[in-house]
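Subject: Structure handover

Hello,

I am passing on the structure we spoke about. Please look through it before reading the notes under it.

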Amino acid sequence: MDEDAPLLVIVDAANVVGSVPDGWWRDRRGAAERLRDRLAVDGVPGRAGPVEIVLVVEGAARGVESVPGVRVEAAGGSGDDHMVELVARAGGRPCLVVTADRELRCRVAELGAEVAGPRTVRP
């Protein structure tokens with residue numbers, strides 16, 4: 001594992017946004033943009049050192065643009081499959097996947113990623 005590489009933080013936008021019943025379903029894209037903007041300002045609380053944040057969007061949230069500090073990737077198909085692919089391509093780099101999805105957590109943990117729940121990045 002490359003201990004010197006910045007932590008790659010992959011955020012499951014749909015799962016994190018959906019973790020709080022605040023009306024996100026009325027504007028999925030807007031909810032993903034608010035999450036992106038919060039990540040750009042706050043980063044990942046409790047994580048010292050440099051991080052690279054990737055917000056994975058799908059469905060109605062496709063089209064959300066990247067901003068400084070947060071790269072947004074639109075999954076062409078399954079968001080879960082896209083996140084697993086990102087971890088697999090990380091090449092031993094430390095990864096943290098933020099999601100509550102049990103199956104996704106198992107899949108990325110098998111590849112060596114650390115997992116955390118939505119509260120890691122959402123109050």
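Below are notes on a pocket and on a pair of helices.

Please keep in mind that this is a predicted model.

The largest pocket holds about 160 Å³ of space. Two elements give two or more residues each to its lining, namely α1 (13-17) and α2 (28-42). Of these, α1 provides the largest share, 3 residues. The lining as a whole is made up of A13, A14, V17, W24, R28, A32, V57, E58, G59, A60 and A61. By type, the lining residues are 8 nonpolar, 1 polar and 2 charged.

Now the helix pair. Helix α3 covers residues 79-89 and helix α4 covers residues 102-110. Their axes come within 9 Å and cross at roughly 15°. Angles under 35 degrees count as roughly parallel, and α3 and α4 are therefore roughly parallel to each other. The crossing of α3 and α4 is right-handed.

Which residues meet where α3 and α4 come into contact? On the α3 side they are D80, D81, M83, V84 and V87, and on the α4 side L104, R107 and V108. The residues of this contact divide into 5 nonpolar and 3 charged, with no polar ones.

Regards

Note on methods: Residues are numbered from 1 along each chain as its sequence is written. This is a predicted model: local features need pLDDT of at least 70, side-chain atom pairs count only at pLDDT 80 or more; totals for chains, interfaces and linings use all residues. Side-chain values use heavy atoms; hydrogens and water are left out. On a 1 Å grid over the protein atoms alone, a cavity is a set of points where a 1.4 Å probe fits but cannot get out, and a pocket is an open set with protein on both sides within 12 Å along at least five of seven lines; lining residues have an atom within 4 Å of a point. Grid points are joined across faces, edges and corners, and a volume is the space filled by probe spheres set on the points. Helices (H or I, at least four residues) and strands (E, at least two) are DSSP runs, numbered from the N terminus. Ala, Val, Leu, Ile, Met, Phe, Trp, Tyr, Cys and Pro count as nonpolar, Asp, Glu, Lys and Arg as charged, and the others, Gly among them, as polar. Axes are lines fitted to C-alpha atoms, for helices over the stretch in contact, and angles run from 0 to 180 degrees between N-to-C directions. Angles under 35 degrees count as roughly parallel, over 145 as roughly antiparallel, 65 to 115 as roughly perpendicular and the rest as oblique. A crossing is left-handed if the near helix is turned anticlockwise from the far one by less than a right angle, and right-handed if clockwise. Contact means heavy atoms within 4.5 Å.
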